[in-house]
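Please look at the sequence and the structure before reading on.

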Amino acid sequence: SNQKPTNFIHQIIESDLQNNVHEKIVTRFPPEPNGYLHIGHAKSICLNFGTAEKYNGVCNLRFDDTNPDKESQEYIDSILSDIKWLGYQWGGEICYTSTYFDQLFDWAIHLIKEGKAYVCDLGVEAAREYRGSFSEAGTDSPYRNRSVEENLALFERMKNGEFKEGACSLRAKIDMSAANMNLRDPMIYRILHTSHHQTGDKWCIYPIYDFAHGQSDAIEGITHSLCTLEFEDHRPLYEWFIENLPVPYTPKQYEFSRLELNYTITSKRKLKQLVDDNAVTSWNDPRMPTISGLRRRGYTPKSLRQFCDMIGVTRSNGVVDMGMLEAAIREDLDSSAPRAMCVTRPLKVTLTNMEEGVEEWFELPAHPKDESMGVRRVGLTRNLLIEQEDFIEEKPVAKNKHDKWKRLATGDAVRLRGAYVITCNDVVKNELGEVIELLCTYDPETKGSNPQGYKPNGVIHWVSEELSEPCEVRLYDRLFTEANPDADKEHSFMEFLNPESLVILSDSRVERSLKGAEPETRYQFERMGYFCIDADSSEDKLVINRTVTLRDSWAK
Ligand code: ATP
Ligand code: MG
Ligand code: MG
């Protein structure tokens, strides 16, 4: 249907604007720089930046950098590049949660002074036991009733590096019998003797996400703090901090459902495992669902934005079919990608009635439906190459009229796309009995007109051996063979890797018009699919990624 997909956040904002709740909409995109962004982040980016754009507001980019041992500048740089590539611009300076560490520290002191936070010496295990369970109230920590003075002194010593990691932590004093586990005296600061990519060695205590996030939103005046549904249970804590601290603004958290896609994985931690275990070559391997991987695969920013638009924003979790993402790129490239011919698995064809050394050039449209894209020149010579699978010695008997062999067979004719009709008169075989060359004649009367007295089986693509460029074609397929590779408790997702997710065809040849094509240029190779030039290309040899096939071969 053409119905506009739901975006319940937009509905909330429209009602807020109508009721003058806010003058200006301020959102934020808050990645933790502990990996490359993936397609799930694209959903959040389109939502946060797209919402700001739509309502004339601003969207901050904030690096949520409270776990220095997992974070790095490399990740920060990749995130900046991905957001820009998607076509979005953050408002003002780039923000870092670490910029607020002084303020957050002061607010922790404020809670201590109010008797609402304490230094606790329980270890991780013990703290978990004291916390209780969903069915059982927790037990107060033996350190819960330390005096304000003692807590201030201990917290200062934590900050000064006098304690080992894990020796103690600062906890909010809320309610050990709260039904919501997040309110059972959550940790707000922990000791971590790690230098930080932004603050160096200034700190050896770092705020926990829950303590940092809402307060950062308050500092930045975020009107709508949009996060995924796992954080719904954290909202009471988010609000508790805002109510109990002298913050300059009261932000509000709203949750939406995460994007999950079948046949892939959307978790930075697991994607990192694929990289670390060499299951893929890098974070931007074209099989990865990372933004940089999709980019290298040939996806356009427009197609990713279109996809995010199509899936909508709701509060119900569901798995989106990979076919939808593929449909989005097909739709974009169908109208925007110039056509070209590439023979991926070449079979030699000799036109016995054409002189050696003669070249005949054809002007073919770059796009059949868009004249503004101009023309390309394709050269024909005596020595041609066609796709191995476009020839069969003996054509199969057709079961019905839709089942006819539409390619070349011995004794039959076929049209070379944009050129002549050729007939295969004979074949040459090697010692193994394999066909290695077709001896054909071309019909000079068939340039732009039908042959007289016979009918070609169909139309196939081709290149001239001399007037084409060598290339390596990388055929990519889905990374996993299972729709939900992460569903099985007994088996790791690593066991469901698709062994055919990459097939390399290193003897391919592409028409000369692609010579020197720049990385990220996209094409439709006639009959073969959509392709994109890879950065691995050299002057001698193009490397070309298959973005997606022409039709959905996974559809049942
Ligand atoms: P991951 O589990 O992959 O590490 P994350 O949520 O920990 O994801 P962050 O860097 O914290 O990663 O994410 C930044 C923003 O992107 C957050 O607001 C988060 O909610 C959002 N986000 C992350 N994954 C998805 C997803 N699959 N669908 C929608 N939004 C997502
Ligand atoms: Mg996170
Ligand atoms: Mg994470």
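Is E520 buried, partly exposed or exposed, judged by the other C-beta atoms within 10 Å?

## E520

The model is a predicted one. In it, E520 has 14 other C-beta atoms within 10 Å and is therefore partly exposed; the buried class would need 20 or more, and the exposed class 12 or fewer.

E520 sits in the loop that links β26 (502-511) to β27. Its backbone has a positive phi of about 80°, although E520 is not a glycine.

## D185

D185 is another residue that is not a glycine and yet has a positive phi, here about 45°. The loop that holds D185 runs between β5 (169-172) and β6 (187-191).

D185 has 23 C-beta neighbours inside 10 Å, so it counts as buried. The threshold for that class is 20 or more.

## E526

Leaving aside residues up to four places away in sequence, E526 touches R339, M341, R417 and H461. Another pairing concerns L550, which is 24 residues from E526 along the chain. The C-alpha atoms of E526 and L550 are separated by 9.1 Å.

## Chain and domains

The chain contains 12 helices and 29 strands. Of its 556 residues, 39% count as buried. Among contacts with a separation of 6 or more, 72% are between residues 24 or more positions apart.

What is the radius of gyration of the chain, and what would a compact globule of 556 residues have? The chain has 31 Å, whereas such a globule would have a value near 24 Å. Taken along the principal axes, the C-alpha atoms fill a box of roughly 100 × 55 × 45 Å.

The domain assignment gives domain 1 (8-256) and domain 2 (344-466). Taken over C-alpha atoms, the centres of domain 1 and domain 2 are separated by 64 Å.

Terms used:
Residues are numbered from 1 along each chain as its sequence is written. Chains are lettered from A and ligands numbered from 1 in the order in which they are written. This is a predicted model: local features need pLDDT of at least 70, side-chain atom pairs count only at pLDDT 80 or more; totals for chains, interfaces and linings use all residues. Two residues are in contact if their C-beta atoms, placed from the backbone, lie within 7 Å. Helices (H or I, at least four residues) and strands (E, at least two) are DSSP runs, numbered from the N terminus. The radius of gyration is taken over C-alpha atoms; the globule rule is 2.2 Å times the number of residues to the power 0.38. Domain bounds come from an automatic or database domain assignment.
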